[in-house]
Amino acid sequence: MSFKSGYVNILGNPNAGKSTLMNKLLGQALSITNAKAQTTRHRILGILNGENYQMVFSDTPGIIIPAYKLHQSMMKVVNEALIDADIILLVIDATNDTPLPENALVKIKNAKVPVYVLINKIDLLDEKVLEDIVARNKREFPNSDVIPISAKTGFGAKLLLDLLLKNLPENPPYFDQNDLTDRTTRFFVSEIIRGNILKYYDKEIPYSVEVVVESYEELPNIDKINCNIIVSRDSQKGIIIGNQGKAIKQLGIKSRREIEGFLGKKIFLGLFVKVDKDWRENPRALKNFGYED
Ligand SMILES: Nc1nc2c(ncn2[C@@H]2O[C@H](COP(=O)(O)OP(=O)(O)OP(=O)(O)O)[C@@H](O)[C@H]2O)c(=O)[nH]1
Ligand SMILES: [Mg+2]
């Protein structure tokens with residue numbers, strides 16, 4: 001049998017459940033997820049390897065109208081994902097009827113590749129409401145399959161994977177068949193810490209923070225990792241550290257455990273807080289932190 005391979009790019013509004021869906025389809029928690037919007041800031045590839053196929057999923061940042069340079073970089077990778085997709089998965093949050101920004105909607109509707117419209121979070125809906133939402137989306141996307149799913153419970157995931165496999169183009173694999181992602185261990189370490197910051201801090205902190213791995217030393221029984229937590233203002237530094245360092249200590253304990261689970265290895269984790277005013281607007285800082293120009 002011939003080999004099938006292609007890019008399946010996951011797009012949609014912030015908080016629609018894109019990262020949860022990719023993790024479910026991969027059977028692995030690769031991308032961080034959170035109830036707060038704008039969790040994902042990069043394009044993250046998750047690769048599903050089968051005997052005769054390789055599905056290259058792209059998790060992408062939620063589509064927004066950019067307010068600062070960080071957002072512009074986030075939307076640049078969304079646009080790239082719109083262009084290089086073999087198949088587009090448009091994830092719609094059935095519990096939130098905020099429309100997509102018009103320019104993105106037009107691009108998705110005019111895409112030359114199959115677009116599957118996934119009505120997500122149906123575990124939170126009753127049937128009648130769901131029927132209305134499906135009907136509305138069928139009118140809006142007459143050329144697409146509209147599929148109800150729950151990325152959280154996995155409802156619809158098997159059906160979706162079968163459909164994707166059927167529609168995947170014939171191609172040799174794009175990546176080594178042992179690869180699970182294009183991202184490095186350092187990237188996932190910093191994302192796990194940022195994920196915990198999203199979980200344990202609120203107000204403006206989740207949107208003002210970046211995490212950078214400063215050093216990573218692999219020893220036989222333990223990895224020694226030092227990370228900088230970058231914030232935009234002095235007052236945020238105090239919040240991250242907390243009264244007598246209690247908050248950052250908790251953050252370190254939770255993050256260490258999660259990273260150890262991810263790596264299957266013991267780690268030492270050092271966390272340091274640095275202020276870099278307006279890093280979200282500074283092209284040099286953004287480049288240093290791995291964002292596209
Ligand atoms: N009940 C329910 N919750 C879901 C489902 N899918 C996602 N969620 C929740 O919705 C929130 C957002 O999920 P994410 O996967 O982080 O959403 P996202 O689209 O990647 O968000 P951004 O990266 O911010 O654009 C999280 O709290 C998820 O647990 C679902 O099918 N059912
Ligand atoms: Mg996400």
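Which residues come nearest to ligand 1? I found Gly-17, Ser-19, Thr-40, Gly-62 and Lys-152 nearest, out of 24 residues around ligand 1. A residue is near if its C-beta atom, placed from the backbone, lies within 6 Å of the molecule.

I noted that this is a predicted model, where local features need pLDDT of at least 70, side-chain atom pairs count only at pLDDT 80 or more, and totals for chains, interfaces and linings use all residues. Residues are numbered from 1 along each chain as its sequence is written, while chains are lettered from A and ligands numbered from 1 in the order in which they are written.

I sorted the shell around ligand 1 into seven nonpolar, 13 polar and four charged residues; Ala, Val, Leu, Ile, Met, Phe, Trp, Tyr, Cys and Pro count as nonpolar, Asp, Glu, Lys and Arg as charged, and the others, Gly among them, as polar. Helix α1 (residues 18-26) gives the most to this shell, with three residues. Helices here are DSSP runs of H or I with at least four residues, and strands are E runs of at least two, numbered from the N terminus. I recorded 10 helices and nine strands for the protein.

Next I looked at how α6 meets α9. Phe-188, Ile-192 and Tyr-200 are among the α6 residues in the contact, and Leu-251, Ile-259 and Phe-262 are among those of α9; contact requires C-beta atoms, placed from the backbone, within 7 Å.

Finally, I read the box of the C-alpha atoms as roughly 55 × 40 × 35 Å along the principal axes.

Technical notes. Two residues are in contact if their C-beta atoms, placed from the backbone, lie within 7 Å.
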